[in-house]
Amino acid sequence: MSENLLEVRNLKKYFPITAGLLRRTVGHVKAVDDVSFTVKAGETLGIVGESGCGKSTTGRMIMRVLEPTSGQIVFDGQDITKLHGKELRAVRPKFQMVFQDPYASLNPKMGIEEIIAEPLIVNGVSRKQATERVVHLLERVGLRAEDRHRYPHEFSGGQRQRIGIARALALNPKLIVADEAVSALDVSIQSQILNLMMDLKKEFNLSYIFISHNLAVVRHISDRVGVMYLGHMVELADKRSLYANPRHPYTEALLSAAPEPKRQGRRERIILQGDVPSPANPPKGCPFHTRCPKVMDVCKVERPALKEVAPNHLVACHLYS
Amino acid sequence: MAEPLLAIKNLKTYFISKDAEVRAVDGIDIEVQPRQVVCIVGESGCGKSMTSLSIMRLVPKPKGKIVDGEIWFNGRDLLKLSEDEMTDVRGNEISMIFQEPMTALNPVLTIGEQITEVLLRHRKLTKRQALAKAIEMLQFVGVPRASEIVHEYPHQLSGGMRQRVMIAMAMVCEPKLLIADEPTTALDVTIQAQVLELMKKMREDFDTSIILITHDLGVVADMADHVVVMYAGQVVESTDADSLFAEPTHPYTKGLLASIPSLEEEKDVLYSIPGTVPDAAAFPQGCRFADRCPIAQPSCREKMPELREVKPGHFVRCDLV
Amino acid sequence: MGTYVVRRVLGMIPMVFLITVFVFLIMHAAPGNAFDAIMNPAIKDIEQLKEQLEHNAGLDQPLWWQYVHWLGLFVTGNWGFSFTHHVPVTDLVGPAIRNTLILGILAEVLTIAVGVPFGILQARNPYGKFDYTSNIVLFCLYSVPFFVFAIFMIYFFAIDLQWFPAQGSTGTGPNAGTLGDHLYHALLPALSLAVVNSTVYSRYTRGSMLDVARKDYVRTARAKGLEEGRVFTKHVFRNGMIPIVTQFGLDFGNMVGGLIITEGIFQYQGMGQLVIDAVNGRDYNVIMATTVLIAIGVLIGNLLADILYAVVDPRIRYD
Amino acid sequence: MSASPATAPEKTQAQPRGRVSKSPTRLAFERFMYNKAAVVSVIVLLVIIFISIGAPLFTHLDPTHQYLTETDAPPGGVHVLGTDKNGFDLFSRDLYGGRNDLLIGFVDTLIVMGIGILLGGLAGYYGGWVDSVIMRFCDFMLNFPFLLLIIVLTSIFNSSGVWLLIGVIAIVFWPPTTRMVRGLFLNLREAEFVLAAKMAGAGPWRIMFRHMLPNIMGTIVVNATFTMANLIAAEAALAVIGFGVQPPNPSWGNVLYDALDYFTLKGEPWVWLPPAGLLTITILCINFIGDGLRDAFDPSFEK
């Protein structure tokens with residue numbers, strides 16, 4: 001087992017809600033509530049969950065573009081939670097991000113060369129070297145060297161996502177957080193980008209945190225998968241173990257609800273009742289107890305801790321205690 | 001087979017502007033039998049949404065125009081009806097639900113007002129009777145607290161609830177045909193499962209035929225009796241759902257299925273269809289998929305293949321299979 | 001909503017307070033005072049008399065004292081005496097507010113009554129010949145400064161045709177002071193404000209309606225089988241009016257400015273004219289009173305627009 | 001693609017056929033040049049600017065000199081457009097007056113936009129208390145009876161120079177612009193390309209000026225144009241009630257002010273028609289340019 005590249009400990013993000021005459025804080029939206037996990041070098045950790053579960057917030061906190069309320073982020077042995085300004089900028093090259101929206105993630109007023117070279121220029125690489133690197137990166141992600149003279153509006157969604165990936169790679173990062181990186185793309189384009197990302201991972205010895213709502217995509221690209229619900233990590237396991245043998249009732253329902261494109265041998269579908277509760281007013285006890293088909297009395301009072309129930313398989317559920 | 005409920009013949013819907021003619025729908029034929037669920041599947045820009053809007057004669061004016069074809073519904077050609085006659089059909093005999101339940105509901109009218117509006121238009125009811133019917137319908141589609149919800153506004157509901165409201169609104173006049181344009185794309189997986197289940201129930205209880213437009217082959221496998229695969233404004237494959245998944249025949253359909261990661265089986269490398277969809281303002285002369293097709297021959301680029309029956313009931317637009 | 005109104009009203013108090021402090025300071029930073037302006041330099045012992053008068057008016061006290069003194073009197077309803085008009089300020093302000101309200105309301109009613117329907121007319125048949133030509137005409141009209149327009153109005157309707165009075169807020173004779181007489185005098189200045197302003201509303205209404213017409217829920221309304229007329233009244237119009245209400249709120253400050261200038265041009269005896277005269281005559285008490293009132297007027301106008309906004313749009317929650 | 005029959009490799013697809021790549025700014029410029037009304041307006045405006053700056057080329061008379069023996073003279077002779085009741089030569093005042101109007105419009109637009117971009121940018125980018133402080137101040141200024149402030153200040157510091165007026169107008173007009181710019185920055189703050197720039201290690205200034213500003217510059221330029229038209233109209237409006245540029249310094253507005261009496265309006269249209277016309281044409285041209293710029297920067301806007 002290799003060293004942990006990233007350790008996230010008890011990460012929390014609360015957004016205050018204000019009300020009343022004096023705009024007092026009357027509560028918090030608990031977007032991320034006590035999440036811990038690790039990512040090893042060269043590993044891909046998938047994070048799945050439905051909208052509002054806190055997966056993107058988690059990703060952004062790790063990338064240090066959003067301030068955590070509390071908790072600790074240790075990257076490559078260094079605590080980066082409290083770094084700011086110059087110090088933060090000094091470590092940034094080691095972790096980069098690929099974004100969801102291929103249209104919004106590229107500055108429309110900048111040429112492709114400028115976009116990809118920006119991380120290099122900002123970090124003091126000479127123009128000439130930067131251009132060489134841009135050419136290399138463009139070719140590596142399946143575009144042409146001449147494309148660096150063009151502007152984003154001249155590219156399709158899939159091509160823009162390639163440009164976004166090239167930019168993320170510019171500084172030779174160790175970790176890339178991909179936040180719904182293929183969600184906005186058509187299936188045929190999606191597979192192009194997934195294949196590209198898997199190739200690049202091998203070539204550059206990258207680690208990924210791959211955030212998505214699409215269970216099949218996460219399964220395809222990840223080594224380990226974490227399932228989030230209402231700001232909590234409810235299950236975290238090796239991919240095979242998680243998909244073949246989901247332990248948490250939520251994971252089970254989620255897997256059964258995702259439609260598989262085949263007609264024979266479809267699994268029995270578990271239809272959850274109701275909606276996800278509001279993170280501004282989460283239920284007491286287990287966050288899932290309001291919709292859980294296997295709810296017990298203890299679930300309503302006590303929040304289960306994330307515990308290892310099988311080798312490398314962690315679940316937060318009272319069924320296993 | 002019985003007389004089809006809906007028969008689209010050689011429908012062509014173009015967007016005509018000063019400098020371009022975009023052939024969004026370019027000569028499609030689709031039949032829908034009573035009580036049948038027909039899925040139209042394809043990637044963005046393939047013309048599937050324009051097909052549905054053409055059936056409703058709601059193609060955005062002034063640029064969009066149905067330039068040719070017939071749409072036979074219940075013994076009448078919808079394209080020959082006057083605008084007044086067509087408004088009697090909409091919401092009454094054919095109704096429609098859309099992708100974004102948030103934007104598809106009027107934010108300043110209560111849920112009750114929006115549902116009763118349909119009843120008051122098509123049925124001779126008093127306001128009070130209409131409201132009672134609306135509440136009944138909301139209960140039927142599984143909206144809790146229906147008698148209170150009718151006085152609330154769309155922004156007070158969750159995404160899943162809004163889509164249920166849309167379905168209630170569409171079904172309240174018990175139409176013979178429901179057109180659902182990506183009804184679950186904006187929803188989470190667990191909510192998607194609820195809504196798909198509800199649509200099945202609607203078909204059972206009201207004997208309604210459904211045209212389901214989606215890009216998700218998983219949803220197709222779950223819902224469809226018959227599948228129509230569209231590519232670049234044309235139907236490339238049309239067959240019953242079982243044979244589509246058992247023997248996909250058109251290279252595009254095959255590629256599409258192969259490029260989707262699976263929940264259940266390991267795929268090392270996903271197949272990916274190279275390239276991107278051709279520009280709808282300048283389609284190539286021959287087969288529109290030829291540039292991306294792994295089995296393309298020079299002849300494919302010269303002549304447009306016809307949609308031909310390769311097996312009983314299984315139509316494919318490819319000369320090489 | 002209640003909390004919101006309370007918070008807004010409470011928020012207005014420091015605002016008004018600060019405004020009075022500023023105006024007070026500015027006034028007193030200026031060289032000279034009202035007595036310089038009104039006294040005949042031929043009077044004997046002018047310095048002594050002036051000192052006496054200034055002493056009586058409290059002008060020899062420290063500035064902060066003068067302000068506190070003024071504030072104390074002001075909140076108890078004693079707004080002092082006009083140095084130039086020799087009457088209590090309250091006597092001046094009453095009729096001025098009335099006249100300004102007549103003019104302002106008339107102008108706003110005309111603006112909206114012309115601008116909004118015209119914009120709707122354009123939006124009902126967009127990109128047609130009528131829409132195209134009227135757009136150009138409106139754009140040109142919008143570029144005519146309203147006071148230039150006012151001058152032309154005076155030239156044609158007051159001087160050439162003699163249909164309306166060129167100035168003043170009331171006439172003489174048996175009808176003087178009736179509502180009809182007031183409206184007759186207010187019509188020309190109101191029109192000159194309204195014509196140019198209504199072009200803003202037309203453009204805005206047209207844009208807003210066209211914007212809403214593209215919305216998904218309008219498509220839904222059509223998919224329900226509603227007739228075009230009903231789609232428009234129930235769905236397009238209601239939603240299209242929301243930004244217009246916002247525009248109304250934003251406009252309020254501008255309207256007050258426009259009123260002051262229009263009153264100046266037409267010599268119309270409202271708050272604007274009062275302010276102009278008071279400033280020219282260094283009439284402190286009048287300046288302070290009118291300033292506070294105008295500030296409060298603007299604040300109330302903004303508040304009303306915000307409340308109206310919440311009424312037409314159920315999505316807005318104030319808490 | 002129709003032009004490339006061979007199986008083109010994936011990467012060459014969906015790109016413009018053999019066109020030279022053009023930057024968004026260049027495309028906007030080309031769209032602007034295509035707009036006839038806007039281009040004509042630019043030319044007319046240039047002519048107006050030329051005749052006011054080059055006023056000495058057209059008249060040798062001093063606009064600030066009172067020809068006390070020739071008051072209220074009709075057009076003709078030395079005084080091409082006659083003189084007004086104070087004996088000022090109207091032709092030279094109309095020509096020279098444009099200098100002040102255009103100066104006020106131009107300088108104030110620069111000041112207002114400068115303040116707006118700086119404060120609005122800071123408020124929108126940083127949010128939090130920076131935003132609160134700036135916006136509270138803006139609110140205060142917006143609610144301040146600004147016209148009153150102008151009237152009071154100009155009459156108190158009674159001077160015929162334009163710089164006080166320029167200062168006062170700037171004080172009054174910066175808040176709406178600041179608010180608008182803040183809104184634009186706020187919209188972009190969470191944009192993914194801004195996050196990407198942060199990830200690249202760009203500092204706040206680089207993000208604000210290299211990433212955010214270029215993306216809102218179009219809107220700002222359009223707004224600046226309309227603001228300039230408003231500022232020129234505002235000065236003239238003040239002058240019409242006697243609080244704008246103070247005589248003998250000429251401006252189109254104060255020429256109008258001196259024409260505001262029954263006899264002048266009725267019998268001497270040469271006094272008030274030229275300044276009114278010049279003012280209107282100038283504002284019209286600037287507005288047409290603004291309209292053209294808006295269409296150029298945002299081609300989707302109503303077309």
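Modeller: Between chain A and chain B the count is 4 salt bridges. This is a predicted model, in which local features need pLDDT of at least 70 and side-chain atom pairs count only at pLDDT 80 or more, while totals for chains, interfaces and linings use all residues. Residues are numbered from 1 along each chain as its sequence is written, chains are lettered from A and ligands numbered from 1 in the order in which they are written, and side-chain values use heavy atoms, with hydrogens and water left out.

Biologist: Which other polar links join chain A and chain B, and which elements supply the side of chain A?

Modeller: There are 22 residue pairs in polar contact between chain A and chain B, both residues being at pLDDT 80 or more. A polar contact is a pair of N or O atoms within 3.5 Å; within protein, one must be able to donate a hydrogen and the other to accept it, and residues adjacent in sequence count only if both atoms are side-chain atoms. On the side of chain A that touches chain B, two or more residues each come from helix H6 (187-204), helix H7 (215-221), helix H8 (239-244) and helix H9 (249-257) of chain A. H6(A) gives the most, with 9 residues. Helices (H or I, at least four residues) and strands (E, at least two) are DSSP runs, numbered from the N terminus.

Biologist: How do you know how much area is buried between chain A and chain B?

Modeller: The size of an interface is often given as the accessible area lost when the parts come together. Buried area is the accessible area (1.4 Å probe) that two parts lose on being put together, summed over both. For chain A and chain B this is about 3,700 Å², of which carbon and sulfur atoms give 51%. In chain A, Val187(A), Pro261(A) and Arg263(A) lose the most area to chain B, together 18% of what that side buries.

Biologist: What makes a residue part of the contact between chain B and chain C, and how many residues does each chain give?

Modeller: Contact means heavy atoms within 4.5 Å. The contact takes 27 residues from chain B and 19 residues from chain C. These two chains bury about 2,100 Å² between them, 60% of it on carbon and sulfur atoms.

Biologist: Why do Arg121(B) and Glu227(C) count as a salt bridge?

Modeller: Their closest N and O atoms are 3.3 Å apart, so the pair falls within the cut-off already stated. The rule finds 3 salt bridges across the interface of chain B and chain C.

Biologist: What makes up chain D, and how much of chain D counts as buried?

Modeller: Chain D has 12 helices and 0 strands. Of its 303 residues, 55% count as buried, where buried means under 20% relative accessible area, exposed over 50%, and partly exposed in between (1.4 Å probe, protein chains only).

Biologist: Over residues 270-290 of chain D, how much of the chain is helix?

Modeller: That span is 100% helix and 0% strand, with its end C-alpha atoms 30 Å apart. For residues 216-245 of chain D, the values are 83% helix and 0% strand, and the end C-alpha atoms lie 34 Å apart.

Notes: Salt bridge = Lys/Arg side-chain N within 4 Å of Asp/Glu carboxyl O.
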